[in-house]
Amino acid sequence: MQGKGLIKFAAIALAIACLYSLSFTWIARKVENDAKEFAKGNVDKERAYLDSVDALPVYGFAKYITYQYAKEREIPLGLDLKGGMNVTMEISLSELVKNLANNPSDQSFNTALRNAETRLKTSQKSFIDLFGEEYEKLSPNGKLAQYFATKDNASNLKITASNDDVLDFLKKEASSAIDRSFNILRTRIDKFGVTSPNIQRQEGSNRILIELPGVKDPVRVRKLLQGSAKLEFWETYDNTQIFPLLQNVNNILAATQKASADTAKTTAPVATADSTKKDDGSKLAALGLKKDSANKDSANLNKSMADQAKANPLFALLAPATYQAENGQQSLRPGPVVGYAAIKDTAKINDYLSSSSVKQVLPGNLKLFWGVKPATKESKILELYALKSSKGDGTPALGGDAVIDSKDDISPTGGPEVTMYMNAEGAREWRRLTAAASSDQNNKQSIAIVLDDMVYSAPTVQNEIPNGISSISGNFTIEDTKDLANVLKAGRLPAPARISEEAIVGPSLGEKAISAGLISSLVGLVVVLAFMIAYYHNAGTVANIAVVVNIFFLMGVLASMGAVLTLPGIAGIVLTMGMAVDANVLIYERIREELGHGKSLRLAIADGYKHAMPSILDSQITTFLTGIILYIFGKGPILGFATTLMIGILTSLFTAIFISRLVFEWMLDKDKAIKFSYPWSSHTFKNANYPFVQRRKIFYIISGVFITIGLISMFTRGFSLGVDFKGGRTYVVRFDKPAEIESVRNSMDKVFEGTTTEVKTFGPSNQLKITSSYHIDESSEAADRAVEAKLIEGLRPFGADKDNILSSQKVGPTIANDIKISAIYSVIFAILVIALYILIRFRSWQFSLGAFIALAHDALLVLSFFSIFNGILPFSLDIDQAFIAAILTVIGYSINDTVVVFDRIREYLGLHHAKTDDPKTVINDAINSTLSRTVITALTVLFVLIVLFLFGGEVIRGFSFALLIGVAFGTYSSICVASPVIIDFGKKALK
């Protein structure tokens with residue numbers, strides 16, 4: 001064996017890397033188990049324990065490994081296995097309507113909007129309908145077209161349009177805005193790095209429901225989701241220009257508060273003065289407020305702090321931007337920053353600055369915006385910037401629509417930044433702006449980069465920027481710049497979005513279902529390992545070592561990549577196990593053949609590996625191609641499956657070809673006995689001569705009849721679509737005490753006949769979120785009452801009734817249309833690419849056609865089975881995300897099986913030559929010669945799936961059943977369908 005030393009080094013290095021990556025999962029789980037043991041069931045106490053040890057080293061010898069550090073690097077689990085963060089986003093249709101009308105100041109218009117928002121909380125009508133009704137009340141003869149027939153809306157609305165026409169236009173715009181918001185939010189989430197999130201529209205409303213698995217930073221999520229991505233570039237004022245205005249504002253506020261205090265003296269003490277007096281001393285000290293000698297009219301800061309709070313309401317909260325000059329005096333700091341304030345005081349300052357008396361003294365082209373984040377986490381102090389509208393209409397110098405691309409980058413100084421690229425028009429305007437700002441060598445100006453009314457950066461412009469490329473830098477982390485680039489690239493939300501509700505949700509499968517699934521998978525694996533030893537003697541032990549090492553490598557690589565493990569990902573692992581065993585079976589069967597030819601053990605092992613290599617590579621490459629296509633074109637659950645599948649193929653090849661070979665080489669060097677069979681298994685399928693080719697027409701008829709019946713059933717009965725595809729009604733139910741999820745689910749499945757119910761914790765442990773697609777096609781109030789009645793019937797065994805239902809809503813499918821379409825197209829494209837690969841590799845279109853037909857045949861058989869037997873079998877046959885994973889697994893397994901058979905057919909045709917032997921006989925012999933490998937591989941996978949089906953729990957029974965019949969159909973098609981197709985379509989070529 002050549003390169004043995006290099007292979008050993010690679011194996012050891014990979015093992016160490018995997019062990020390091022997996023260690024963080026073990027460390028995080030250990031700390032969490034310690035927390036549970038300490039809390040003894042008290043959730044708050046458990047959380048407090050984890051918070052207290054968050055930044056403490058777990059091990060003394062590695063101080064950088066804290067619980068937080070390990071938690072960020074553990075294998076994250078998906079919503080189905082672990083749960084995550086549930087967020088309800090509300091799209092502000094009020095702001096959308098205002099924007100469409102160019103923000104009119106008409107009192108009736110704005111009052112109608114406010115009234116509609118109030119009524120929306122209790123009404124079933126849409127916001128637009130409510131707005132129309134309220135406007136009609138306030139202005140019976142008013143014309144809405146006067147607001148909306150603008151230049152921007154001219155193609156859709158005329159000034160003569162009726163109010164009904166305008167409301168129809170607004171409904172279309174509102175629906176379009178929600179759809180665009182949905183797509184933009186999903187794009188942001190996809191780039192956020194979360195695998196398999198759930199995103200749904202709440203039907204008939206302006207809400208979008210989002211569930212994110214394994215979220216560790218809720219603050220970051222809120223910032224990512226709520227930002228509208230309104231990017232603007234503003235010219236700025238200098239602090240020396242604005243300070244006199246702020247002094248004036250301070251004086252006005254002081255006079256106003258003094259007048260209010262004098263009026264209230266006879267009745268009660270002024271609460272504002274007391275509360276300000278209480279802690280303004282610490283605020284002033286923290287903000288560094290001192291006497292400003294640059295202006296004689298500035299307040300005398302030598303007074304007591306209490307008097308200062310009364311005399312300086314604004315400056316008690318907002319410290320002017322000053323610095324200590326060389327003469328020791330305080331001077332105004334030049335630049336766009338005009339003050340500093342504690343984060344907790346910014347809301348109060350905003351109230352001051354937005355009051356009507358203050359607005360009258362501030363220029364119309366002045367905007368005061370806060371910086372996006374403090375200089376340090378500890379300081380909690382924000383900067384206030386003074387921005388200038390050069391156009392005089394309150395708009396920025398340049399809008400964000402000029403930016404066509406953005407990416408996170410590293411600045412020349414080594415800090416994280418975001419680089420932006422502008423279009424031609426934006427680049428021209430940017431050049432003009434930067435040239436003007438840098439024209440005065442002694443007084444260079446700043447340009448503020450503002451996103452969602454927060455200043456991200458306000459650099460002083462040193463030179464003209466001619467190419468439209470600029471950057472946003474500041475006190476950012478790498479995560480900050482990644483999120484910022486993501487938000488800018490995904491696009492601006494058509495209307496502001498805010499989080500109206502958020503909660504931590506439990507796993508959709510339930511703890512018992514997960515435990516049952518994992519235990520049954522492990523039992524299945526043990527059965528496979530035992531079978532390999534029972535069939536292949538001590539060579540089976542070598543194969544088992546390779547399989548176990550393969551799973552270790554696979555999990556290690558997934559951990560290092562931060563991949564989220566979901567049920568589809570587990571399906572990929574099951575398929576990987578099957579392919580790992582298959583590679584060893586191919587090698588062992590070849591070695592047995594070489595031993596049968598009388599070769600020595602060492603030579604038989606060498607030749608066995610050599611001759612099995614083409615079959616192994618062809619089968620794994622075709623499956624890997626499938627994974628690449630699914631990864632490129634797939635979304636949601638398909639992406640997780642594809643990632644696991646591709647990594648699994650690479651680790652399977654490495655362990656089957658190299659690790660097992662190293663073990664054999666070591667055994668040979670030590671003169672240890674190596675046996676590849678027992679007496680009973682040495683002749684299994686040897687000299688088999690089943691007439692597969694001769695009976696191919698019977699197989700065609702069997703498959704054709706079943707698929708025809710299945711197609712009729714699909715077009716007449718259809719499928720039982722799960723909540724993932726169909727949507728459903730969701731109820732949040734609070735129980736008097738924690739209820740067992742499995743028991744509640746079983747109760748709901750009984751009352752909601754013929755559908756699968758999704759049940760998971762929602763917030764506290766005694767609160768559940770129950771979703772069912774029962775009667776989802778009916779939207780009448782009668783249907784709502786009927787479903788609620790069934791829900792209450794299912795809740796009664798747990799001491800709950802209607803009063804325990806906190807909320808209900810109708811939700812759309814978690815799998816959006818584009819995910820369905822991408823799933824279909826990616827599968828079709830994968831089949832076509834595999835067919836093309838086989839065409840190139842085997843140089844025969846008949847082989848390519850055979851593979852194409854076999855894959856389509858297997859998919860149709862599984863679909864037919866789920867349609868025909870839906871409602872007949874005693875368990876759910878819903879089409880959901882798990883079913884997609886099952887279909888993909890079947891396709892991957894089927895092509896792997898088919899290519900191995902094809903490889904032997906090609907070999908036999910080359911050896912026998914069509915001139916001397918009948919091609920039908922040659923092909924039949926080739927099929928029979930691979931029968932042992934085909935059956936053994938199928939059995940090893942079926943062992944795992946049968947155990948999973950029987951003992952994996954009700955929740956994943958449909959999933960395991962789809963895999964079970966799919967593997968059976970895949971084995972059948974590779975022998976009885978794909979290979980005979982070569983005969984019937986390649987008679988001339990074979991002759």
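## Exercises: patch, salt bridges, confidence

Helix α25 (residues 817–842) supplies the largest share of the nonpolar patch, 6 residues. Helices here are DSSP runs (H or I, at least four residues), numbered from the N terminus. The model is predicted: local features need pLDDT of at least 70, side-chain atom pairs count only at pLDDT 80 or more, and totals for chains, interfaces and linings use all residues. Residues are numbered from 1 along each chain as its sequence is written, and side-chain values use heavy atoms, without hydrogens and water.

**Exercise 1.** State which residues form the nonpolar patch on the surface.

*Solution.* 
- Apply the rule: patch residues have over 30% relative accessible area and no salt bridge, and nonpolar side chains (Val, Leu, Ile, Met, Phe, Trp, Tyr) are joined within 5 Å.
- The members are I821, I824, Y825, I828, F829, L832 and F852.
- Together they have about 680 Å² of accessible area (Shrake-Rupley method, 1.4 Å probe, only the protein chains shown counting as cover).

**Exercise 2.** Find the partner of D984 and explain what the pair ties together.

*Solution.* 
- Set the cut-off: a salt bridge is a side-chain nitrogen of Lys or Arg within 4 Å of a carboxyl oxygen of Asp or Glu.
- The partner is R696, with the closest N and O atoms 3.0 Å apart.
- D984 sits in helix α30 (residues 957–985) and R696 in helix α21 (residues 696–716), so the bridge links parts 288 residues apart in sequence.
- Check burial (buried is under 20% relative accessible area, exposed over 50%, partly exposed in between; 1.4 Å probe, protein chains only).
- D984 is partly exposed at 25%; R696 is buried at 7%.

**Exercise 3.** Describe the salt bridge of D897 with R933.

*Solution.* 
- The closest N and O atoms are 2.6 Å apart.
- D897 belongs to helix α27 (residues 881–912) and R933 to helix α29 (residues 931–951), so the pair ties together parts 36 residues apart in sequence.
- Both D897 and R933 are buried.
- Elsewhere, salt bridges with shared partners join R119, K125, E133, E134 and K137 into one network.
- Within that list, K125 pairs with E133 at 2.7 Å between the closest N and O atoms.
- The total count is 25 salt bridges.

**Exercise 4.** Name the elements with the lowest and the highest mean pLDDT.

*Solution.* 
- pLDDT is the predictor's confidence in each residue, from 0 to 100.
- The chain averages 79, and 84% of the residues score at least 70.
- Helix α11 (residues 271–287) has the lowest mean, 35; α21 has the highest, 92.
- Over residues 268–305 the pLDDT is below 50.
- Where pLDDT is low, predicted coordinates should not be read in detail.

Methods: Patch = residues over 30% accessible without salt bridge, like charges linked within 9 Å, V, L, I, M, F, W, Y side chains within 5 Å. Helix = DSSP H or I, 4+ residues; strand = E, 2+ residues; numbered from the N terminus. Contact = heavy atoms within 4.5 Å.
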